[in-house]
Structure formats: C-alpha cells, structure tokens
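Colleague: I am new to this one. Could you show it to me and take some questions?

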Amino acid sequence: MSAFHIGAVSRLAAAMIAVLASGDAASQSYPSRPVRFLVGSPPGSGNDLVSRLLAQKLAERLGRPVVVEQKPGGAGLLANEALAKSAPDGHTLVLLSGAHPATAALSRALPYDPVRDFAMVGTVVAYPLVVSVAPGSPIRSFPDLLERARAAPEKLTYSMTPGTLVHLLGEWINIEAGTAILGVPYKGSANALLDVLAGRVDATIETGTASFGHIRSGKLRPLAVSSAARHPALPGLQTISETLPGLEASSWLGLAAAPRTPDSVIARLNGEVRAIIELPDVRQKLSDLSGVPLPSSPEEMRARVEREIARWKRVVELKNIERQN
C-alpha cells in the first residue's frame, strides 16, 4: 500500500475515533443542566399525566431536574414546533402521540417535518380505541354492527371529533368493511356520550382512557378494540382485526428530542425510558390509564410514524376528507 493510501486510512481512522469520542463525551456529560419537558395537551389529559410521570422518573435517574412546561395549543403543534426548533442536545423533550401522524396526514402544511425534525427516542405506551354502544342497543357485536351497516347504508352513525384519530379509524373501518357508517361530529366526548346513551347516535369510537371507566360502570357496552391484540383489562373483548384482518390502530405516546441530537444521547434516553417502563409503579399507572407498555428502539418509533402517516394519508385520499390549514 502506498504512503498516500496509508495516510488516508490513518486520517479516516482518526476521524472515526474522534466522532466516537465526541459521542461518548456527549453521553457522559448529559444532561449538563435542567431538561425541559414540553407538554402540548391540556392539564389532566393522558399525555400530560404520562409526561409528568416520565419527567419525574427521568429526573431521578438522570440526576438533574426535568421541568414540565405546559405549551398547549394547536393540538400539540406549538409544543412540537418548539421542540423541532430547539438546540440539538437532548435538553428539550416532548411526548409525541398517535395524533402526530394523523395530523400530518390531515394537514395541508405543518411548521415542521413530522419525521425529519424529530429525533425519535422510543415509544412508551399504547392505548386502544374502543367501538362501543349504549347498554340497551340492539347491536350485539362488531360483526353485527357491520352487517346492519351494509344492509342500511348511511343509516347507522358513530360519534367522533373531526380531524382526529377517531375520525380516521371510523373511515378506515368503512373502507375495509364496505360500509357507510356516518360520523357525527362532536367537540368533546361528554355530549357524544349523552347522545349515544339517548339513542340519537348508534355507536361511539373513543380511546380506552375515555371509554374504560364508562364500560366498567355499565354506561357503555364495548363491541371491539382497535389494538392488534386483545386488551389485558378486557380479555373477552374481541379486536376489530378479528373481523377485519389487518385493521389495527392504537393511540400511543413516544419520546422525542430535537433533530440532530447526538446518537449517544438518544441511546442514553432510550435506555432510561426502557428501564422506567419496567418499574412496577409505572406499569400500574399506565394500566390505570388503559395503557399497555410499548418499549421500542428509536428506529422502530420512526418506522411507526412513517407507516402511520402513509396509512392515514390513504384514508384521507380515499374518503376525500378535507385537509386542514
């Protein structure tokens, strides 16, 4: 080998060693100051509660304060934009949710790229969506709901909030089942529940967090959950995919940092999150919110976001859903 090639190889090796050394240094010195944990949802919401729980546990493990900063507005857009524009050092964090890819599919434009502008750390927890009816409804099962819908197109209804994961799931069911169940728009679940109980709306689709309490109290009768597997809290309740194979979707929460955050810092955070998820008190609190622990690698979280954006874009296009500004 010529002296030129030996020199080039030596310089390349030195550069690689320098990169690895800088990564190790970043990980060892992280965090060097308090960490901001941005929360884009209202106080008391599932996202808020899990953010605060995670912040508390991270502070204990990292040895630095993790300060929860409420930044509501735009269904999480303000918090996400603030993260995307923050310094790439791991000192600003946010929990993305299943609404993140749904919003990307439904929006004409966003102030950030929903994939490139986030350093994914890993998913934390998944929440199923639940299709339910009033206790006295004649609809006895999810297959029964679909049979009635096929027999009477555009006669059956379900409550939903426009432009949300619930809305998109309802339309995806219509696509795969060949039905035309009409979505009735509501701003919140309280009024929707009243109309379902009164028989003015045939069914409702809601998160497990919002539904399980009403199911336990007997106010709602569940027909199916949207998760890939049956939920441990309701093991007798079938999944949607048992009737419509391949149709599974869950809301979820996953930690993200600013883009270009060093890989070593992301790896440190991922390891801490995985350890936190295994703590018995954390698992119990997630279960209380109807959640199922969902640890993942950064790559798996990124793939989930990309996959769900593509899925919801297909639903938006096939059902001609108006995109939002």
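Predicted model: local features only at pLDDT ≥ 70, side-chain atom pairs only at ≥ 80, totals over all residues.

Colleague: At what angle do helix H2 and helix H9 pack?

Modeller: H2 covers residues 46–62 and H9 covers residues 263–277. Their axes lie 10 Å apart. The crossing of H2 and H9 is right-handed. The angle is about 115 degrees.

Colleague: Which residues of H2 and H9 make the contact?

Modeller: The residues of this contact divide into five nonpolar, no polar and four charged. H2 brings Leu-54, Lys-57, Leu-58, Arg-61 and Leu-62. From H9 come Arg-268, Glu-272, Ala-275 and Ile-276.

Colleague: Which element gives the largest share of the lining of the second largest cavity?

Modeller: The second largest cavity holds about 50 Å³ of space. Its lining consists of Val-50, Leu-53, Leu-54, Val-124, Ile-276, Ile-277, Val-282 and Leu-286. The elements that give two or more residues are H2, H9 and helix H10 (280–288). The largest share, three residues, comes from H2.

Colleague: How many charged residues are in the lining of the second largest cavity?

Modeller: Sort the lining by class. Eight residues are nonpolar and no residue is polar. The number of charged residues is also none.

Colleague: How much space lies in the largest cavity?

Modeller: The structure holds two cavities of 30 Å³ or more. Residues that line the largest cavity include Val-131, Phe-142, Leu-145 and Tyr-158. Helix H5 (142–151), H6 and strand E7 (203–207) each give two or more residues to this lining. The space is about 80 Å³.

Colleague: Which element gives the most residues to the lining of the second largest pocket?

Modeller: This pocket has a volume of about 300 Å³. Strand E4 (119–133), strand E10 (292–293) and helix H11 (298–318) give two or more residues to its lining. The top contribution is four residues, and it comes from H11.

Colleague: Which residues of the second largest pocket are the closest to its centre?

Modeller: The pocket is lined by 19 residues. By class, they are ten nonpolar, three polar and six charged. The closest to the centre are Ala-126, Ser-227, Ala-228, Ser-250 and Leu-294.

Colleague: How far apart are the closest N and O atoms of Glu-176 and Arg-314?

Modeller: A search of the whole structure finds 17 salt bridges. Glu-176 and Arg-314 form one. A salt bridge needs the nitrogen within 4 Å of the oxygen. The closest N and O atoms are 3.4 Å apart.

Colleague: Why does the pair of Glu-176 and Arg-314 tie together parts that are apart in sequence?

Modeller: Glu-176 lies in helix H6, residues 165–177. Arg-314 lies in helix H11, so the pair ties together parts separated in sequence by 138 residues.

Colleague: Is the peptide bond from Tyr-30 to Pro-31 cis or trans?

Modeller: Pro-31 lies in the loop between helix H1 (3–29) and strand E1 (35–39). Omega of the bond from Tyr-30 is near -10 degrees. The bond is cis.

Colleague: Is phi of Glu-154 positive or negative?

Modeller: Glu-154 sits in the loop between H5 and strand E5 (157–160). This residue is other than glycine. Its phi is near 60 degrees, which is positive.

Methods: Residues numbered from 1 in each chain as written. Heavy atoms only, no water. Axes fitted to C-alpha atoms, helices over the stretch in contact; angles between N-to-C directions. Left-handed = near helix turned anticlockwise from the far one by under 90°. Contact = heavy atoms within 4.5 Å. Nonpolar A, V, L, I, M, F, W, Y, C, P; charged D, E, K, R; others polar. 1 Å grid on protein atoms, 1.4 Å probe; cavity = no way out; pocket = protein on both sides within 12 Å on 5 of 7 lines; lining within 4 Å. Points joined across faces, edges and corners; volume = space filled by probe spheres on them. Salt bridge = Lys/Arg side-chain N within 4 Å of Asp/Glu carboxyl O.
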